[in-house]
Amino acid sequence: MTYAEESSFPCGSLSIGVLVLNYNTWDLALRALNAAIDLEKENVNEYVLFDDGSPTPPPGNIDSRIKVVLGHSNRGFARALASAFSAMTSDIVVLFDSDAFPLVPFSVQTRRRFQEDPGLGQLGFVTQDQFGRQTESFFGEPTQWSLILGQALHARVPKTPLQTSKLCVITGCMATRAEAYAQAGGFDPEFDFLDIDVDYSMRMRKMGWKVDVDHSITVFHAGGGTPQLVRH
């Protein structure tokens, strides 16, 4: 009997899996998964660590509830993420960056949100840094003005209220319905770190799925961990 089979879930409830992508950050990736296990234990059906061909082998003290999937080569974030999702078996996949980890229990509320709204395809969480300050985990869809003005000038333009119909959430801490993921075509491997989030949320809405944020679920994510500038 597997760990997921030993868990007791209400009949007909959606299954939830936690996924963390790793490339040579074993300590951070395991911190994320261990934090999820400490908070959730039997409330999550599967915990998966997908390694994108790290040059260093996995440590020997990994919790037996964590399934480690080893990639044979380093394919980059987007392609590795697509492969990682194919290793998941749950109805709802909760994705954390390796440098993020949950601060509060999340499975019950996540399962409730998706079960109560069959049209919900993607759910973002709220993030904060080590000082308790909120960091960016969701934002508005880019407009023609943001593209014309550029990031620096557009940041000075007075902000209008964020519309749910234009909402984009980061892949570093979110949940997505496996059915919606498949219909939207998954993550586009041609995009890089800073574009894959926008593209996925936009395609999710284009396929008729809702994108939303749950402000009751808080995740640690300081941000700025990607060594890349937007202009690149």
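**Aromatic pairs**

I searched the whole structure, a predicted model, for aromatic pairs and found eight. I looked at F85 and Y181 to begin with: their ring centres are 4.4 Å apart and their planes meet at 20 degrees, so I noted the pair as stacked. This pair links distant parts of the chain, with F85 in helix α3 (residues 77–86) and Y181 in helix α6 (residues 178–184), 96 residues apart.

Are these two residues buried or exposed? I looked up F85 and found 7% relative accessibility, so F85 counts as buried. Y181 is at 14%, which is under the 20% cut-off, so Y181 counts as buried too.

**Another pair, and a cluster**

I then turned to F187 and Y200, which form a tilted aromatic pair, 4.5 Å centre to centre with 40 degrees between the planes. F187 lies in the loop between α6 and α7 (193–206) while Y200 sits in helix α7, so the pair ties together parts 13 residues apart in sequence. I checked burial here as well: F187 has 2% relative accessibility and counts as buried, and Y200 is buried with a relative accessible area of 0%.

Which residues do ring pairs link into a cluster? I wrote down F85, Y181, F187 and Y200.

**Strand β11 and its partners**

Next I followed strand β11 (residues 210–220), which runs antiparallel to strand β5 (residues 101–102) and is joined to β5 by two bridges. With strand β6 (residues 120–128), I found that β11 pairs in the parallel sense over eight bridges.

How values were computed:
Residues are numbered from 1 along each chain as its sequence is written. This is a predicted model: local features need pLDDT of at least 70, side-chain atom pairs count only at pLDDT 80 or more; totals for chains, interfaces and linings use all residues. Side-chain values use heavy atoms; hydrogens and water are left out. Two strands pair if DSSP finds at least two bridges between them. Helices (H or I, at least four residues) and strands (E, at least two) are DSSP runs, numbered from the N terminus. Rings of Phe, Tyr and Trp (its six-membered ring) pair if their centres lie within 6.5 Å; planes under 30 degrees apart count as stacked, over 60 as edge-to-face and the rest as tilted. Buried means under 20% relative accessible area, exposed over 50%, partly exposed in between (1.4 Å probe, protein chains only).
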